[in-house]
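Here are my notes for you to read alongside the model. Have the sequence and the 3D view open while you go through them.

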Amino acid sequence: MPTASHAVTAEKIVKVASGWPMLLLDIALFFAAPLSLLMLIHVDQHDVRGILSVVFVHVVLLLLALFIAFGFFTLQPNEARILILFGHYRGTVRESGFHWAIPFYARSRGMVSAKPGAESTPSFSTGGRLGINRLRALASGAAQSLSTKLSLRAVNFNTETLKVNDKRGNPVEIAAVIVWRINDTAQAAFDVEDYRTYVQMQSESAIRSIASRYAYDHGDEHELTLRGAADEVAGALRDELQVRLVKAGVQIEEARLTHLAYAPEIAPVMLRRQQAEAIISARQIIVQNAVGMVHMALDELDKKNVVKLDDERRAAMVSNLLVVLCGQNDPSPVINTGTLYT
């Protein structure tokens, strides 16, 4: 069955009023509100309409001062605030400093469950059953409020050590460090429920996917492995994460493996295999060099006519030289007082 596609929320940069002129106006209103009551001195006590007019002016000035007072907010460098007016996205303020906006802009963009995977508490509810559930969730710590202020700074995220199977099915332990930042505040706020939890879950999923594409080590010729191609694996992980997190408005700065090891249940076996392969590799080098030295020795003997050797004596010398050069222990010389044939 066809599924409905979700529209991507596009970020819209807006500017709001500076907070300093509004602060001066607010201070003036707070002083003007009580001073307005002095007008009662000039009003006749029997003039009810005049008294009500003065009280009305006082109340209006006081309410206006309180209205302005609730609209101030500050933004630090690399910090943004999204403006939500009665459930509608109106824009994002990215300029740092002291600002003022109408107080009707929401201070929270909803509630989210504190436990990953749990059902989120309904947000923006007023009164009734939903309002009671929201208060209960806040009191029990099962839910947390999502602020309309978003940090645009780079964030380091260290994943937990995951046990996954590599390309050959061997269980390995793997972990990574991921550096990310918010690129689109509207997508981060509205296209996913909680972008931090989303980054965490998608990072673990991407690491599992990348680990299953490569062998831990000992790959075929020109085959990339997790241990031998760290830069290529890091690039593949970064690209995989960027594809997964683009819908959350998140940009991946860097992704690199920080822990890579065989799982404890197979680590001793793999260690013995690595030791055996190292011994075999060392033996191959020793034999190749020993054969070259024997060949060089026989050529020198022939060129300088030191001794004439037939095939049998040549074979005996080759055997003795190989034993001396390839043996693990120091050779023990044996003095032959006869001939090679006795």
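Which helix gives the largest share of the nonpolar patch? Keep that in mind for point 2.

1. First, the ground rules. This is a predicted model, where local features need pLDDT of at least 70, side-chain atom pairs count only at pLDDT 80 or more, and totals for chains, interfaces and linings use all residues. Residues are numbered from 1 along each chain as its sequence is written, and side-chain values use heavy atoms, with hydrogens and water left out.

2. The helix is α2 (residues 48–69), with five residues of the patch. Helices here are DSSP runs of H or I with at least four residues, strands are runs of E with at least two, and both are numbered from the N terminus. The patch is made up of F30, V55, V59, L62, L63, L66 and F70, together about 590 Å² of accessible area on the surface. That area is from the Shrake-Rupley method with a 1.4 Å probe, and for residues only the protein chains shown count as cover. Patch members have over 30% relative accessible area and no salt bridge, and nonpolar side chains (Val, Leu, Ile, Met, Phe, Trp, Tyr) are joined within 5 Å. A salt bridge would be a side-chain nitrogen of Lys or Arg within 4 Å of a carboxyl oxygen of Asp or Glu.

3. Is F70 buried or exposed? F70 counts as exposed because its relative accessibility is 57%; the cut-offs are under 20% for buried, over 50% for exposed and partly exposed in between (1.4 Å probe, protein chains only). You'll find F70 in the loop between α2 and β2 (72–75).

4. Now look at S203 in helix α5 (residues 195–211). S203 counts as buried because its relative accessibility is 0%. Neighbours within four places in sequence aside, S203 is in contact (heavy atoms within 4.5 Å) with F157, T159, I178 and L241.

5. Four bridges link β2 to β5 (residues 97–100), and T74 has F98 as its bridge partner in β5.

6. Strand β6 (residues 108–113) is mostly covered, with six of its six residues buried. β6 runs antiparallel to β7 (residues 143–147), joined by four bridges, and M111 sits opposite S145 in β7.

Key
Two strands pair if DSSP finds at least two bridges between them. Patches are made of residues with over 30% relative accessible area and no salt bridge: like charges are joined within 9 Å, nonpolar side chains (Val, Leu, Ile, Met, Phe, Trp, Tyr) within 5 Å.
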